Structures are given as C-alpha cells and as structure tokens.
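Biologist: Before we discuss any terms, may I see the sequence and the structure together?

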Amino acid sequence: MWNIKEENLSDFKITAKNRLSPDNSVSFMLGTIIWCSIVMLFIAIILFKFGWSGFPSTFEKVVVFIEVVFYILQIAFLFIFSKPKMYIKFQKIISILTLFYAFQLATIGFLWLVIKGIFAFPNDTLTFTYVGLLLAGGFLTHILCTISIFKQAENGKFNGENSSGFFFDKAIIFTVLGSILYVLTLLILILIHTFGEIKLGDMFFYFILSVILYAVAIGSAEFQLLVYCKYKFPSFNMSWHEYEKETKELLKNYKKRNRKSNKNKKKLS
C-alpha cells in the first residue's frame, strides 16, 4: 500500500529509539492508566452504591460495561509487559497496545458527559449527537493525520536534511486549524442548546476533554507509523543485548556526571 523505504526514515528511527522507545511506551501506558483510574473511580462509586441500577438506560449500561472491560485489560497488559525483558521481547505488540491506550486516554473522559449519574450533564438526544460528532471528528482527525505522516514517510521527509517535521506539514496544519473550528462550532452549539441548564465551568470541562481528544488524535498518528515500521523493518526493533548495553552506558555516564558534580561542589566549598 505504501512505498516507504527504510533509508528514508533515519530521523524517525531516532524518534522510535528515544521518545517512542519500548520503555517510554510502557511509561505512557502507566500514565494513561492513572488518568483512566480517576474516571473509573466515579464509575466504581456508583456501582458500589447502586449496582447496575445506577445506570438506568441500556446505553449507559453497555458503555460502562465496555469501559470496565477495557480498564481491566489496560491493567492486565501493563502488569504483563512492565518488566524490561517482556517489553523488549514483545515490543511489536507494545507498539500496537500504545494505540489502544491512546484511544482510552482520548475517549474515556467523555463518560463523565454521557453518564447521567456522575456529574448530571445534559444527556438528551441532541446533546448526545453533538458529543458523538466531537468523537467522530477526533477519529477523522486521527485518520487524516495518519495518512499525512505516512505520505511524509513515503516522500522522505524523515530523512536527515529532507526532514521538515511532522507538525510543520501543510496537511497537518490545515487539519489542526479545521479541527479547532469544528470543535469550537460544536461547543457553541452545545452551549446554545443547553443554555440555562449548564454552567460556564461545565463548558470549560467540555473544552478540556475536547483538547485531550484532538491532541491525542493528532499525536498518536506517529504510533501508527511506529507499528508499521516495527513490523516491516527489523532494524526498528531493539534486541535485549542492545538494550542491556545502552542501559549500562547510560548508568556509567550518569555516575560520571555525579562524580564531576561532587568534585565541583567540593572545590566551591
């Protein structure tokens, strides 16, 4: 489908080795679980107090059940892959899991908006439609950004002197600007529709969740390219021997810096 050559990915290979490395991916998974735990705490409180009757509609029951299952899977995957030998050995799987965790990070906060028993946000049909359009726009933004980053990779924009940066691509800039206008339009429509029922602070909450959704939708396009590269190009995968060697070198350099700083402190004193 994509005519992406490995020699045109020198810059992205550095990104994959550093910011998108397996250990950083696990850290991302942990951070996502912390955010999801805050959301799931309110679900747990309602379940503890009222059981499933705390979610009167079938829609609420289905959404909550799915999110509980996803949350359990998140914890299970992190437990399985949290040890260095595991996340290095299964780094291809980790690259796919980051997409799942990114999806959870971007969408789970909207539970607060659609579950009436949590913060009592308006949940009539039209409000649900606007929230659904916010989510749909996020998915479309992610697809457009993913297509853009793959085109950049195909055209050699991640290769040394030709590298112009993912976020400076015209298609990405137009997508971001379009997303901003789209989100603001929907938020204004929600405000008009729920005027008198919703406070300005509640609208700020809608705004924050929308920012998280679209920021993840744009940023996680790199995760898609990472998955592609992990499975197509063996050099994108680090061996356990390489990981041990780099870890020892980092520890050695860290100790050297500490010794130098201690010497400098003694001289100053």
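Modeller: The model is predicted. In the second largest pocket, the lining comprises five nonpolar, three polar and four charged residues.

Biologist: Which helix gives the most to the lining of the second largest pocket?

Modeller: That helix is α12, with five residues. Both α2 (22–50) and α12 (240–268) supply at least two residues each. The space in this pocket is about 230 Å³.

Biologist: How is the lining of the largest pocket divided into nonpolar, polar and charged residues?

Modeller: Its residues are 13 nonpolar, two polar and one charged. The lining has 16 residues, and V63, E67, T107, F110 and L135 lie nearest the centre of the pocket. Of these, E67 is charged because Glu belongs to that class, whereas V63, F110 and L135 are nonpolar because Val, Phe and Leu do. The volume of the largest pocket is about 290 Å³. At least two residues of the lining come from each of α3 (58–81), α5 (91–107), α6 (111–114) and α8.

Biologist: Why is a space called a cavity and not a pocket?

Modeller: A probe of 1.4 Å fits in a cavity but cannot get out, whereas a pocket is an open set. One cavity of 30 Å³ or more is counted here. The largest cavity has a volume of about 40 Å³, so it passes that cut-off.

Biologist: Which residues line the largest cavity?

Modeller: They are L20, S21, P22, S25, Q91, I94, S95, L226 and K230. Two or more of the lining residues come from each of α2, α5 and α11 (221–232), and α5 gives the most, with three. By class, the lining holds four nonpolar, four polar and one charged residue.

Biologist: How do you know whether F158 is buried or exposed?

Modeller: The relative accessibility of F158 is 6%. Buried means under 20%, so F158 is buried. This residue is found in the loop between α8 (125–154) and α9 (170–193).

How values were computed: Residues numbered from 1 in each chain as written. Predicted model: local features only at pLDDT ≥ 70, side-chain atom pairs only at ≥ 80, totals over all residues. Heavy atoms only, no water. Helix = DSSP H or I, 4+ residues; strand = E, 2+ residues; numbered from the N terminus. Buried < 20%, exposed > 50% of the residue type's maximum accessible area, 1.4 Å probe, protein only. 1 Å grid on protein atoms, 1.4 Å probe; cavity = no way out; pocket = protein on both sides within 12 Å on 5 of 7 lines; lining within 4 Å. Points joined across faces, edges and corners; volume = space filled by probe spheres on them.
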